[in-house]
Amino acid sequence: METAERVAYADQNAVAEYKRAITADLDVNNLVNAMGEESTIFKLGERLVPMLKMRLQNGAPIYISINEAGSNYRHLDALVGKSVKIAVTTFDKTGTFDENGRPEYIALGSIRQAEFVIGGILYSEYQKALEGIEENKTDVKEENNSNPIQSSFTDEIREGVVSEVIDTPRLQMIFIDYRGMAIPMYANQFAYMTYTQPLSNLVNIGDNIRFKISSITKINYEDMDSVKEDIANHRQTPKGLRYLIRTTSLPFRENPEGRVKRLQKSQSSFIAHVVRYDPIRGILVEIAPGWWIKGVLPASSNYKPSINDEIAHTPVTVRINNLDYTTRRGRCSILAFPRGVAKSANQRF
């Protein structure tokens with residue numbers, strides 16, 4: 001790490017104080033904000049170590065190794081330009097000296113430890129709620145399945161800022177900046193996902209969202225499937241305890257079934273999208289997330305849909321004829337193609 005930036009002499013005392021404080025007491029007040037500046041690779045002996053360079057608020061540089069990068073360790077690049085809470089863990093003398101003959105130091109930090117501290121506070125609140133349920137079971141009436149003590153935690157409406165959106169064939173999720181840490185949320189807990197709208201079209205970095213914490217589990221990094229996979233492939237990973245926080249924003253979205261019932265009851269005409277086309281079997285349209293039903297064109301229609309409409313997810317105006325709410329099957333009349341039929345496989349609406 002000969003090329004690593006040293007902590008300036010004027011900043012050494014402050015950075016050392018950060019380290020002493022968190023070493024003495026794993027308290028959230030002893031964590032500090034740092035901004036991701038550069039994702040790089042350092043050579044430590046014979047090992048190549050992915051490293052995140054960050055900048056403390058006082059301007060001092062600090063380095064985070066991949067095994068201290070916490071829950072987002074697979075995506076160091078995503079932390080560049082982001083501000084998160086960290087713990088200053090190591091203040092190493094380099095054996096070199098500045099131009100005035102004063103010893104130089106490199107600061108190392110940990111996002112993992114900061115997540116442990118912040119997650120531990122949330123976990124303690126969650127456990128306290130669960131213990132309250134056990135203590136008050138005798139006071140809860142049989143017909144009332146909810147408990148006000150539990151609701152005080154899991155029903156609390158929280159607000160955070162989207163710090164990352166991952167939308168790949170293997171994984172769709174977002175990260176929310178909350179209390180200085182990045183909390184994950186799976187796409188199917190962010191919204192009722194629709195076949196025609198990818199996650200990246202539904203949410204953007206910087207969006208303010210409301211959410212609830214549904215559960216918190218204490219686990220070891222080594223027990224996670226993704227970590228096991230990385231260990232098997234000889235990649236470096238975090239180790240030790242982690243608080244796995246499950247979140248949801250679904251309470252703040254319109255339930256698709258409720259919307260479908262409303263549209264059927266009112267006999268409304270509305271926009272749906274073609275999701276399947278077969279010249280023999282006909283057309284399937286998505287009227288709401290998770291609801292694919294048969295779309296029927298009147299014999300007098302001049303529209304000539306094709307497989308291109310399946311690929312382009314062509315919008316259609318429909319009216320529901322009948323639905324089976326158990327199987328989510330039914331039929332609707334296709335009244336119009338408001339933007340026409342797709343002309344080519346590459347056309348997008």
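Phe 190 is in contact (heavy atoms within 4.5 Å) with Ile 174, Met 185, Leu 199, Leu 202, Val 203, Ile 209, Ser 249, Leu 250 and Arg 253, residues up to four places away in sequence being left out. The model is predicted, so local features need pLDDT of at least 70 and side-chain atom pairs count only at pLDDT 80 or more, while totals for chains, interfaces and linings use all residues. Residues are numbered from 1 along each chain as its sequence is written, and side-chain values use heavy atoms, with hydrogens and water left out.

**Nonpolar cores**

Together with Ile 174 and Ile 216, Phe 190 touches the most other members of the largest nonpolar core, which has 29 residues. Such a core is a set of buried Ala, Val, Leu, Ile, Met, Phe, Trp, Tyr and Cys residues joined through side-chain atoms within 4.5 Å; buried means under 20% relative accessible area, exposed over 50%, and partly exposed in between, with a 1.4 Å probe and protein chains only. At least two residues of this core come from each of helix 2 (111-135), strand 7, strand 8, helix 4 (187-190), strand 9 (208-220) and strand 10. Helix 2 gives the most, with 7 residues. Helices (H or I, at least four residues) and strands (E, at least two) are DSSP runs numbered from the N terminus. A second, separate core holds 28 residues, among them Leu 56, Ile 64, Tyr 73 and Leu 79. In soluble globular proteins, nonpolar side chains tend to be buried together.

**Strand pairing**

Two strands are taken to pair if DSSP finds at least two bridges between them. The table lists four such pairs.

| Strands | Sense | Bridges |
|---|---|---|
| Strand 1 (residues 32-44) and strand 4 (residues 83-97) | antiparallel | 4 bridges |
| Strand 4 and strand 5 (residues 103-110) | antiparallel | 7 bridges |
| Strand 7 (residues 172-178) and strand 8 | antiparallel | 6 bridges |
| Strand 13 (residues 291-296) and strand 15 (residues 329-336) | parallel | 3 bridges |

Individual partners can be named for each pair. Val 32 stands opposite Ile 86 in strand 4, and Val 88 stands opposite Gly 109 in strand 5. Asp 177 faces Ala 182 in strand 8, while the bridge partner of Val 296 in strand 15 is Ser 333.

Strand 4 and strand 5 form a hairpin with 5 residues between them, and Gly 101 in its turn has a positive phi of about 80 degrees. The hairpin of strand 7 and strand 8 has 2 residues between the strands, and there Arg 179 takes a positive phi near 55 degrees. Strand 8 (residues 181-186) is mostly covered, with 5 of its 6 residues buried.

A closed barrel of 5 strands runs in the order 11-12-13-15-14, with mixed pairing. Neighbouring strands of this sheet are turned by 50 degrees against each other on average, direction ignored. Helix 7 (residues 256-266) packs on the sheet and touches strand 11 (269-278), strand 12 (282-288), strand 13 and strand 14 (315-324); its direction makes about 90 degrees with that of strand 14. Axes here are lines fitted to C-alpha atoms, for helices over the stretch in contact, and angles run from 0 to 180 degrees between N-to-C directions.

Thr 248 belongs to strand 10 (residues 241-248) and is buried, with a relative accessible area of 10%. Beyond its neighbours within four places in sequence, Thr 248 is in contact with Met 185, Gln 189, Phe 211 and Lys 212. A polar atom of its side chain lies 3.1 Å from the backbone nitrogen of Leu 250.

Thr 194 lies in the loop between helix 4 and helix 5 (199-202) and is also buried, at a relative accessible area of 16%. Its side chain makes polar contacts with the side chain of Thr 196 at 3.1 Å and with that of Glu 286 at 2.3 Å. A polar contact is a pair of N or O atoms within 3.5 Å; within protein, one must be able to donate a hydrogen and the other to accept it, and residues adjacent in sequence count only if both atoms are side-chain atoms. Thr 194 and Glu 286 are 92 residues apart in sequence and 8.2 Å apart in space, C-alpha to C-alpha.

**Loop residues and confidence**

His 234, in the loop between helix 6 (225-232) and strand 10, has a positive phi of about 60 degrees although it is not a glycine. This residue, His 234, is exposed, with a relative accessible area of 76%.

The mean pLDDT of the protein chain, the predictor's confidence in each residue from 0 to 100, is 90, and 93% of its residues reach 70 or more. Over residues 145-149, pLDDT stays under 50.
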